[in-house]
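Here is a friendly walk through the structure shown below. Have it open as you read, and follow along residue by residue.

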Amino acid sequence: MTRLSSGILTLILLAACACGQLRICGSCGREDLAGGTACAVCKGPLPPLEPGQPDSAPALSDASGTGSVADALSKQVFDLVKRDVEAARQEEDRRPEVALARYENARALLTLARAEHLPPGTARVVLDGLQRCRTALAVAGQACSACGGSGRQQVARVQLAGGDGEAAAETKLTTGAACATCGGAGTIRGRRGVEATRLLILQGRREAGLQQQAAGRVAAGRAWIPPSWPQERTPEQLALIRRTLAAECSACAGLGLEPCRRCLGSGTLPCKNKACRQGWVEQTVGNTLTPKTALTRRVKCPDCQGTTRVACPACRGGGGTACSGCNGTGTSEPCRSCGGEGTVPCRSCRTRATTEQTEPCETCQGTRRMLCNRCHGEGYQSR
Ligand SMILES: [Zn+2]
Ligand SMILES: [Zn+2]
Ligand SMILES: [Zn+2]
Ligand SMILES: [Zn+2]
Ligand SMILES: [Zn+2]
Ligand SMILES: [Zn+2]
Ligand SMILES: [Zn+2]
């Protein structure tokens, strides 16, 4: 990554403000657009809305160096987020699954920065990227890339007009028969089922993990952080990062779906019409003299339209049903020991008399909270 393109990205991050205010729920890591005080998904409290105009200059543009600790952390977070976003942008077209993992990491890191200390719109850049990758990795109903969603094949027309080169050049493409890729539907159905999508997302995470390792970051749960952070950051901060990513149901990688058992994820079942022979039914043409000479003609089966298969009623053709691990929500259950916080009151502090404390407690760095022993700061039950 050159210095130039990194500068451009900063500009993009800076410019992408003004739209609605997006906030990230600190409890479950979901985005909030509604603007209420509680998360629509997990009912956790949301950070307060920023006041209308960012009158005070963002800490990142403050070069005077008088920033508080919070400013320094926000700046570090912004630099890390920027690198994740840069990497994601490079992967987005070719490997959206890798880009998704990088955007997810950026989203987790953002929970440590206070919104007013970041350039406005930083969160939006991350969340928009997440949305694009999720759309690209959609299980079904995705627009067919072969026909651009039109359902018709684009056929090159070669010199139909003859002679006149200009007219031929004008219309090089013409709309042809039903697109072979999507069968004319315009959307992809079942080409990449629930299971294939889940595996692709996991593969993208592995790839992104290798990139992060190569860049010298270390794992904190599913998040990738600087190697100094496990010591530098408080247990509460580490839990904040970890639980953003741990909130996702691990059984379905957050998709909320599992392959339909009835149709094994294909979305279709064999046509049940008894008269259907490979998509065709024979019809007797009336008005004949004797049954023996009665004419029959073959017409497309009305049930399957000649395709020999009908949409699976259990999954309504989508190939997926609600994940049994999360009832389709895509999120996992909060840890029973810490109630989803990821931290519990520090045990070392509790056993020492407060008057004895001359130096901050090593376990909790004086914050009086330590990582939950059960979930190790994830805040959610792992399956
Ligand atoms: Zn939430
Ligand atoms: Zn198509
Ligand atoms: Zn049929
Ligand atoms: Zn099904
Ligand atoms: Zn699930
Ligand atoms: Zn302590
Ligand atoms: Zn816990």
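## The nonpolar core

Which residues have the most contacts inside the largest nonpolar core? They are Val77, Val81, Tyr103, Leu109, Ile225, Trp229 and Ile241, in a core of 33 residues. A nonpolar core here is a set of buried Ala, Val, Leu, Ile, Met, Phe, Trp, Tyr and Cys residues joined through side-chain atoms within 4.5 Å. Buried means under 20% relative accessible area, exposed over 50%, and partly exposed in between, using a 1.4 Å probe and protein chains only.

Please keep in mind that this is a predicted model, in which local features need pLDDT of at least 70 and side-chain atom pairs count only at pLDDT 80 or more, while totals for chains, interfaces and linings use all residues. Residues are numbered from 1 along each chain as its sequence is written, chains are lettered from A and ligands numbered from 1 in the order in which they are written, and side-chain values use heavy atoms, with hydrogens and water left out.

At least two core residues come from each of helices H2 (69-91), H3 (96-110), H4 (122-136), H6 (194-214) and H8 (235-246), and from strand S8 (223-225). Helices (H or I, at least four residues) and strands (E, at least two) are DSSP runs, numbered from the N terminus. Because domain 1 (1-137) and domain 3 (223-247 + 333-383) both contribute residues, the core lies between them; the domain bounds come from an automatic or database assignment.

Leaving aside residues up to four places away in sequence, Val81 touches Ala106, Leu109, Leu110, Thr122 and Val126, where contact means heavy atoms within 4.5 Å. As for H3, 15 of its 15 residues are buried, so this helix is largely enclosed by the rest of the structure.

Donors are N, O and S atoms within 2.8 Å of the metal (3.2 Å for Na, K and Ca); water is not among the atoms, so sites may look incomplete. Cys346 sits in the loop between strand S15 (343-345) and helix H9 (347-351), and Cys361 in the loop between H9 and strand S16 (369-371), so the pair ties together parts 15 residues apart in sequence.

Cys346 is buried at 2% relative accessibility, and Cys361 is buried at 3%.

## The zinc ion (ligand 4)

Here the SG donors are Cys260, Cys263, Cys312 and Cys315, spaced C-x2-C-x48-C-x2-C along the chain. Both Cys312 and Cys315 are buried.
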